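Biologist: Could you show me the model, and then take me through it one question at a time?

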Amino acid sequence: MNKLENDGEVAVKEESQTDEAAPVARKTRRNRRSEGTIQGILEVTEEIILESGAERISILDVCKAAGISRGTFYRYFASQEELLDAFSRHKRERFYASLIETTAPHTDPDARLDAMIQFISDYIGHTRARRLLIVAPEYAMSWFQRIFQDAILRFQDVLGIVFDSWDKRLGVKLDRELVCELIIRYVLSEQLVPASPEERRNMPRRIERMVSALVTGKTARR
């Protein structure tokens, strides 16, 4: 775990000596206004992390950027650690929500696979994860580690009908966990070692070939 997420080891700016001790966050009834406030806090948190390039983030900076008071902040988050944990969950759930939204309409196994491949290609091409790796590498690597096992399970769910089709077509029971793990490792490797512009244009085809090789031992012909 890095300094931003380790228990009690989040590196933060020292608040003013005149500030009172941070109160414990209270449970608040969620409504449209509070959800909007939380969303705004999480959005400015991402911008601060991406723009600062540092491992330090202060509640004061977040409050100023979000246009809220410290009291409002503490209604929803008890500490910087809790904020960053919520931010990590927020990014993870947004990724999965987009993945499901993209693939769920496709009930044909081949169409579902194509949709998943295109989603991965678009994500690699437009994600800000690479920027996060540059400005906050320890935080980014910790986030990747935190979501890794969960991502394997989520991808198995999304590709369930695809695996069912492959099992029936090939007459064998595929190792779904391993295939999904390798797909996810591929996505992460693209963040660490970016593809060339030409390779980027051929990204969907490259992912398709990799998946086909994993499943059948052959590369896709189309």
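Biologist: Is F95 buried or exposed, judged by its relative accessible area?

Modeller: This is a predicted model, in which local features need pLDDT of at least 70 and side-chain atom pairs count only at pLDDT 80 or more, while totals for chains, interfaces and linings use all residues. Residues are numbered from 1 along each chain as its sequence is written, and side-chain values use heavy atoms, with hydrogens and water left out. A residue is called buried under 20% relative accessible area, exposed over 50% and partly exposed in between, using a 1.4 Å probe and protein chains only. F95 has a relative accessible area of 18%, so F95 is buried.

Biologist: Which kind of ring pair do F95 and Y123 form?

Modeller: The structure holds 10 aromatic pairs, where rings of Phe, Tyr and Trp (its six-membered ring) pair if their centres lie within 6.5 Å, and planes under 30 degrees apart count as stacked, over 60 as edge-to-face and the rest as tilted. The ring centres of F95 and Y123 are 4.8 Å apart and their planes stand at 75°, so the pair is edge-to-face.

Biologist: How many residues apart in sequence are the parts that this pair ties together?

Modeller: Helices are DSSP runs of H or I with at least four residues, strands are runs of E with at least two, and both are numbered from the N terminus. F95 lies in helix α4, whereas Y123 lies in helix α5 (residues 109–126), so the distance along the sequence between the parts that the pair ties together is 28 residues.

Biologist: What touches Q191, leaving out residues up to four places away in sequence?

Modeller: Q191 has its place in helix α9 (residues 176–192), and it counts as buried because its relative accessibility is 3%. Contact means heavy atoms within 4.5 Å. Not counting residues up to four places away in sequence, the residues that Q191 touches are Y123, I124, T127, A129, R130, L133 and F144.

Biologist: How far apart are the C-alpha atoms of S121 and R206?

Modeller: S121 is found in helix α5 and, with a relative accessible area of 9%, it is buried. Not counting residues up to four places away in sequence, S121 touches M203, P204 and I207. Although S121 and R206 are 85 residues apart along the chain, the separation of their C-alpha atoms is 9.5 Å.

Biologist: Which residues of α4 meet α1?

Modeller: From α1, the contact involves Q39, I41, L42, T45, E46 and I49, and these meet, in α4, L83, L84, A86, F87, H90 and K91.

Biologist: Into which classes do the residues of that contact divide?

Modeller: Ala, Val, Leu, Ile, Met, Phe, Trp, Tyr, Cys and Pro count as nonpolar, Asp, Glu, Lys and Arg as charged, and the others, Gly among them, as polar. By this scheme the residues of the contact of α1 with α4 divide into seven nonpolar, three polar and two charged.

Biologist: With which residues is T45 in contact, leaving aside its neighbours within four places in sequence?

Modeller: T45 is found in helix α1 and, because its relative accessible area is 0%, it is buried. Leaving aside its neighbours within four places in sequence, T45 is in contact with I57, V62, L83, L84 and F87.

Biologist: How far apart are the end C-alpha atoms of α1?

Modeller: The expected span of a helix is 1.5 Å times one less than its number of residues. The 21 residues of α1 should therefore span 30 Å, which agrees with the distance between its end C-alpha atoms, 30 Å.
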